[in-house]
Amino acid sequence: SFYVPAFARSKVYDRAVGFFSSALLAEIAPSIDDFVLRDGRMRLMTSPANLSDADLLAMGKGEDIRERLKADLAAAAAAPVPSQLLRDRLSLLTWMIATGRLDVRIALRELPNSYALFHEKIGVFEDANGNWMTFTGSPNETSAAALKHSESFPLHRSWLGEDQRAYAEDERARFNSLWDEDVDGVRVWSANEWIKEPMRQAFGMREPSPCLSG
């Protein structure tokens with residue numbers, strides 16, 4: 001009731017979130033094809049898929065952190081996929097990464113002697129006319145958050161008065177600052193080159209389809 005109409009009206013989707021699951025994409029499937037056919041672009045910032053705070057504490061801040069993050073993402077790409085529909089969504093995501101429609105970054109909280117998981121949650125949808133809305137709050141980007149858990153989030157729309165626009169501006173600016181690694185205590189790594197080939201090998205790659213979007 002939220003993601004499907006939001007994607008139907010948007011050309012930009014930005015999301016900073018503690019945990020991302022591609023299973024959500026299967027739940028909103030044909031919306032992604034339609035979004036990409038309208039030249040939609042996504043930016044996703046999230047914590048590593050399989051590392052915990054305890055793992056990160058044990059790793060410290062040595063030079064091997066980058067290689068551990070790459071290995072974590074490769075392992076996530078190789079994990080079994082429960083449905084053909086999800087494999088199809090992931091093959092589209094692979095194409096989006098290869099063509100620059102999807103930019104993925106890994107974020108961690110930077111501590112004096114180690115890193116910890118990134119847990120901020122900000123979403124931004126923007127349409128072709130420059131209207132945008134933001135949402136923050138409890139949900140992660142997972143199918144469980146969308147379909148099962150009790151979650152709540154405030155929604156701020158740029159076109160509904162100065163108060164809402166001010167909140168939306170602040171939240172969009174926060175996302176952009178995180179993305180640009182301009183927030184003290186947050187470290188960001190670009191991940192597209194790490195995941196493009198593991199995802200291509202695991203899922204293949206396909207272009208968006210008008211039939212699937214319809």
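Predicted model: local features only at pLDDT ≥ 70, side-chain atom pairs only at ≥ 80, totals over all residues.
**Cores.** I looked up the largest nonpolar core first. It has 43 residues, and Tyr 3, Phe 7, Ile 32, Met 96 and Phe 125 touch the most other members. Helix 6, residues 84–98, gives the most to this core, with 7 residues. Apart from this core lies another of 14 residues, including Ala 16, Met 45, Phe 175 and Trp 179.

I then listed the contacts of Ile 32. Beyond four places in sequence, Ile 32 is in contact with Phe 7, Leu 25, Met 42, Arg 89, Leu 92 and Met 96.

**Asp 88.** I checked this residue in helix 6. Is Asp 88 buried or exposed? Asp 88 counts as buried because its relative accessibility is 19%, and the cut-off is under 20%. Its side chain makes a polar contact of 2.8 Å with the side chain of Arg 89.

**Aromatic pairs.** I found 11 of them in the structure. The ring centres of Phe 2 and Phe 135 are 5.0 Å apart with planes at 80°, so I logged the pair as edge-to-face. Phe 2 is in the segment before helix 1 and Phe 135 is in strand 6, 133 residues apart. Both Phe 2 and Phe 135 are buried.

Phe 7 and Phe 35 also form an edge-to-face pair, at 5.1 Å between centres and 85° between planes. This pair links helix 1 to helix 3, across 28 residues. Phe 7 and Phe 35 are both buried. I noted one aromatic cluster that holds Phe 2, Tyr 3, Phe 7, Tyr 13, Phe 35, Phe 125 and Phe 135.

**Charges over rings.** I have Arg 43 over the face of Trp 179, 5.2 Å from the ring centre. The charged end of Lys 61 sits over the ring of Tyr 115, at 5.5 Å from its centre.

Terms used. Residues numbered from 1 in each chain as written. Heavy atoms only, no water. Core = buried A, V, L, I, M, F, W, Y, C linked by side-chain atoms within 4.5 Å. Buried < 20%, exposed > 50% of the residue type's maximum accessible area, 1.4 Å probe, protein only. Helix = DSSP H or I, 4+ residues; strand = E, 2+ residues; numbered from the N terminus. Contact = heavy atoms within 4.5 Å. Polar contact = N/O pair within 3.5 Å; in protein donor to acceptor, adjacent residues only side chain to side chain. Phe/Tyr/Trp six-rings, centres within 6.5 Å; stacked < 30°, edge-to-face > 60°. Lys NZ or Arg CZ within 6 Å of the ring centre and 35° of its normal.
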